[in-house]
Amino acid sequence: MKSLIAIAFILILSSLSIALFFLMRDKGKSNRTVQALAMRVALSITLFLILLGSYKMGWIAPTGLH
């Protein structure tokens with residue numbers, strides 16, 4: 001489960017960096033930046049739903065503050 005979450009974070013960060021690259025390169029003349037940011041939002045929502053489902057199924061548990 002930890003590796004799945006790490007991979008999801010890497011994908012989210014790479015999508016954000018791709019959006020920055022397209023923003024600098026295209027200077028607002030194409031919608032590739034918007035598509036990359038939409039992909040980042042979709043990946044973030046998917047990660048949240050995976051975490052929520054994993055918690056409900058008992059695969060992960062909160063550790064709390066110590």
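Reader: In which helix is the place of Asp 26?

Author: The model discussed here is predicted. Helix H1 covers residues 2-26. The place of Asp 26 is in helix H1.

Reader: Is Asp 26 buried or exposed?

Author: A residue is called buried when its relative accessible area is under 20%. Asp 26 has a relative accessible area of 13%. Because 13% falls under that cut-off, Asp 26 is buried.

Reader: With which residue does Asp 26 form a salt bridge, and how far apart are the closest N and O atoms?

Author: A search of the whole structure finds one salt bridge. A salt bridge requires the nitrogen and the carboxyl oxygen to be within 4 Å. In the salt bridge of Asp 26 with Arg 32, the closest N and O atoms are 2.8 Å apart.

Reader: What distance separates the C-alpha atoms of Asp 26 and Ser 14?

Author: Asp 26 and Ser 14 stand twelve residues apart along the chain. The separation of their C-alpha atoms is 18 Å.

Reader: Which span should the 25 residues of H1 have, and how far apart are its end C-alpha atoms?

Author: The expected span is 1.5 Å times one less than the number of residues. For the 25 residues of H1, this gives 36 Å. The value agrees with the model, where the end C-alpha atoms of H1 are 36 Å apart.

Reader: Against what do the buried residues of H1 pack?

Author: The buried residues of H1 are Ala 8, Ile 12, Ser 15, Ala 19, Phe 22 and Asp 26. Just after H1, Lys 27 takes a positive phi of about 55°. As for the packing, the buried residues of H1 lie against H2.

Reader: How many aromatic pairs does a search of the whole structure find, and why is the pair of Phe 21 and Phe 22 called tilted?

Author: The search finds one aromatic pair. The ring centres of Phe 21 and Phe 22 are 5.8 Å apart, and their planes stand at 50°. Planes under 30 degrees apart count as stacked and those over 60 as edge-to-face, with the rest called tilted. Because 50° falls between these cut-offs, the pair is tilted.

Reader: Which relative accessible areas do Phe 21 and Phe 22 have?

Author: Phe 21 lies in helix H1 and is partly exposed, with a relative accessible area of 47%. Phe 22 counts as buried, and its relative accessibility is 17%.

Reader: What is the distance in space between Phe 21 and Ala 36, C-alpha to C-alpha?

Author: Phe 21 belongs to helix H1, while Ala 36 is one of the buried residues of H2. In sequence, Phe 21 and Ala 36 are 15 residues apart. Their C-alpha to C-alpha distance in space is 10.0 Å.

Reader: How far apart are the end C-alpha atoms of H2?

Author: Helix H2 consists of residues 32-57. At 1.5 Å a residue, the 26 residues of H2 should span 38 Å. The model agrees with this value, as the end C-alpha atoms of H2 are 37 Å apart.

Reader: Which residues of H2 are buried, and what does their cover include?

Author: In H2, the buried residues are Thr 33, Ala 36, Leu 47 and Ser 54. What covers them includes helix H1.

Reader: With which residues is Ser 54 in contact, leaving aside its neighbours within four places in sequence?

Author: Ser 54 lies in helix H2 and counts as buried at 2% relative accessibility. The C-alpha atoms of Ser 54 and Met 1 are separated by 8.8 Å, although the two are 53 residues apart along the chain. With its neighbours within four places left aside, Ser 54 is in contact with Met 1, Trp 59 and Ile 60.

Reader: Which residues form a nonpolar patch on the surface, and what accessible area do they have together?

Author: One member, Met 57, lies in helix H2 and is exposed, with a relative accessible area of 58%. The nonpolar patch is formed by Met 1, Leu 4, Ile 50, Met 57 and Trp 59. Together these residues have an accessible area of about 530 Å².

Technical notes. Residues are numbered from 1 along each chain as its sequence is written. This is a predicted model: local features need pLDDT of at least 70, side-chain atom pairs count only at pLDDT 80 or more; totals for chains, interfaces and linings use all residues. Side-chain values use heavy atoms; hydrogens and water are left out. Patches are made of residues with over 30% relative accessible area and no salt bridge: like charges are joined within 9 Å, nonpolar side chains (Val, Leu, Ile, Met, Phe, Trp, Tyr) within 5 Å. Accessible areas come from the Shrake-Rupley method with a 1.4 Å probe; for residues, only the protein chains shown count as cover. A salt bridge is a side-chain nitrogen of Lys or Arg within 4 Å of a carboxyl oxygen of Asp or Glu. Helices (H or I, at least four residues) and strands (E, at least two) are DSSP runs, numbered from the N terminus. Buried means under 20% relative accessible area, exposed over 50%, partly exposed in between (1.4 Å probe, protein chains only). Contact means heavy atoms within 4.5 Å. Rings of Phe, Tyr and Trp (its six-membered ring) pair if their centres lie within 6.5 Å; planes under 30 degrees apart count as stacked, over 60 as edge-to-face and the rest as tilted.
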